[in-house]
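I opened a notebook page for this structure and set down each thing in the order I looked it up. The sequence and the model come before the entries.

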Amino acid sequence: MLLQLDKITKSYGAVTANREVDFSLRAGEIHALVGENGAGKTTLMRILYGMETPTSGSITVQGEEKFFSSPTDAIRSKIGMVHQHFMLFPSFTVAENIVIGREPSKAVGFDRKEAAAQTEALARQYGMPVDPWQKVENCSLGMQQRVEILKVLHQGAEIIILDEPTAVLTPLEVKELLVAIKALSAKGKSFILISHKLQEIMEVADRITVLRDGRVTGTVNAEDTNVEELSRLMVGRDLVDMIRETPKPGKTVLEVKGLTIRGNQLNPALNDVNLHVREGEIVGIAGISGNGQSELLQAVSGLLKPDEGDVLLLGESMKGQSVRTIRERGMAHIPEDRYQWGVAKGASVLENGLMGHYRKYQRNGILRGSAIRKLVSGWVQLFGIKTGSIYTKAQNLSGGNLQKLIVARELAQKTPFLIAAEPTRGVDVGAMEIIHGELLKKRAEQGAILLVSSELTEILKLSDRILVMNEGRIVGELPAESATEQQISLLMAGGKAVG
Ligand SMILES: Nc1ncnc2c1ncn2[C@@H]1O[C@H](COP(=O)(O)OP(=O)(O)OP(=O)(O)O)[C@@H](O)[C@H]1O
């Protein structure tokens, strides 16, 4: 046994994130940690990585009890962590990011060539190809993920914590990452893997520990369980398959005409994009991230001014209109990056619940306190948002619970048009079921939804029509009832549709 966590408890005031958690890791093992949003997975790993101090309990590494007061302590004990959000310096090269903190030096200053050589050697040794000289901001997300892992390997990690490592990767990048993790574990490295993607866990994990409400509800060998049993252990009930009613599309709500954005270093170009979404319809956009989906959504929501083309909402041109006006005319927006666009982290759950829509909840310039509190408390219940109270700061919510708050706020607006970008990123299987149900309810109420998701299963499950984007263009449209993952993947990669 390489690592043992004994009876770890962590309380934040009235909230207990971990309750007497026992967890162990063997050398060369891949041990998955699963559980509902807010179950306490990230907190437990932050404790192991020295970012938080446990209220009680102990950590033993290779038979020796340890007290970590910072990540530097944990790194010294050969523990590395790759966080949910990349922690790389975008303007630095791959090699610079990998050696940071342990930079090779020459007589005067930093030895770039040696850093690149070390990076190449590490990449070769562990079969994780990267380009040492490439700036991180120009790397694909898959490559960035490899850089994160190589960085902890460069620090000498034997135990590697991966917190939702596949959340932003394409299906191919996910496959490559899982293969790399397997290969590393065969070479003796041990992994703790947090993920909501139970299928992936079943593919790579040796053992799986389930957390619920901060407690361990069970540790099982992967070969003795299956996805259904895991879901049940996590959410405490069986999940039900949703019923999708036959679409009854009405009049056009959103029309995008010849939308063109000349690209620059930050934004890839958008080339003559045309699409429409009707009442009672979900139009899904599939594509490898970075192919113009973000720019399309930003242009539609008024965040980015296009060079050419127009966006019509309910028949009216939104050219030159502010985001506020577009929202007031009938748009709600679940943004793809919840931290950058979705919330103000230092504000409370209640304040975030109003954000962008507070004008609706005022009378004579004064916010209607009790009505607002009732409203936001209602969402907390409906979506099972785990929070100390509605006055808790958003930054203290777990990632998935923050996502549920944003989804609840935007769905509650009952607007004719909704942009749903990665609506279930980082949420657990139970919450995913609820969010999908709510999106379908909006469709049944004749709402028009533009869905962008890197999860093909989500696109296929929810969409009535599927558009595929590649290099800033719509390269294909497929009816959802006959589209297959293979067809979509081929189009996403720039191929032609078949069948
Ligand atoms: N600094 C903090 N202050 C107050 N409460 C916190 C703090 N950090 C975490 N929590 C609470 O502890 C609980 C566990 O959160 P944690 O982030 O560990 O969950 P998780 O299982 O990783 O969830 P997710 O799957 O959504 O990432 C949540 O209720 C969260 O709101």
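In which sense do strand β21 and β22 pair, and over how many bridges? I looked up β21 (residues 465-470) and found that it pairs with β22 in the antiparallel sense over six bridges. Strands are DSSP runs of E of at least two residues, helices are runs of H or I of at least four residues, and both are numbered from the N terminus. I count two strands as paired if DSSP finds at least two bridges between them. I also noted that R465 has P479 of β22 as its bridge partner.

Before going on I wrote down what I am reading. This is a predicted model, in which local features need pLDDT of at least 70 and side-chain atom pairs count only at pLDDT 80 or more, while totals for chains, interfaces and linings use all residues. Residues are numbered from 1 along each chain as its sequence is written.

Entry on the sheet. I traced an open sheet of six strands in the order β16-β19-β20-β13-β21-β22, and its pairing is mixed. β16 (331-334) and β22 (473-479) stand at the edges with a single partner strand each, so one side of each has no neighbour in the sheet. On average, neighbouring strands here are turned by 20 degrees against each other, direction ignored. Helix α9 (residues 293-300) packs on this sheet and touches β13 (281-286), β19 (417-421), β20 (448-452) and β21. The direction of α9 makes about 155 degrees with that of β19. Such angles run from 0 to 180 degrees between N-to-C directions, with axes fitted as lines to C-alpha atoms, for helices over the stretch in contact.

Entry on β11. Strand β11 (residues 252-261) runs antiparallel to strand β12 (residues 270-278), and six bridges join them. β11 is also antiparallel to strand β14 (residues 308-313), with five bridges. I found V256 opposite L275 in β12, and V256 also stands opposite V311 in β14.

Entry on β4. Strand β1 (residues 3-12) and strand β4 (residues 56-61) run antiparallel and are joined by five bridges; L3 has V61 as its bridge partner in β4. Three bridges join β4 to strand β5 (residues 64-66), again antiparallel, and I59 is partnered with K66 of β5. β4 and β5 make a hairpin with two residues between them, and Q62 in the turn has a positive phi of about 45 degrees.

Entry on two helices. I found helix α4 (residues 112-126) packed with helix α5 (residues 141-154) at about 100 degrees, their axes 11 Å apart. α4 and α5 are therefore roughly perpendicular, a label for 65 to 115 degrees. T119, L122, A123 and Y126 of α4 make the contact with L150, L153 and H154 of α5, where contact means C-beta atoms, placed from the backbone, within 7 Å.

Entry on the ligand. How many residues surround the ligand? I read 19, and the closest are A17, N37, T42, S398 and G400; a residue is near if its C-beta atom, placed from the backbone, lies within 6 Å. β2 (15-25), α1 (41-48) and α14 (399-411) each supply at least two residues of this shell.

Entry on the record. In an unreviewed entry, UniProt lists residues 3-238 and 254-496 for "domain: ABC transporter". The span 3-238 is 34% helix and 27% strand, with its end C-alpha atoms 33 Å apart.

Technical notes: Contact = placed C-beta atoms within 7 Å. UniProt positions renumbered as here; feature names shortened; annotations may be inferred. Parallel < 35°, antiparallel > 145°, perpendicular 65-115°, else oblique.
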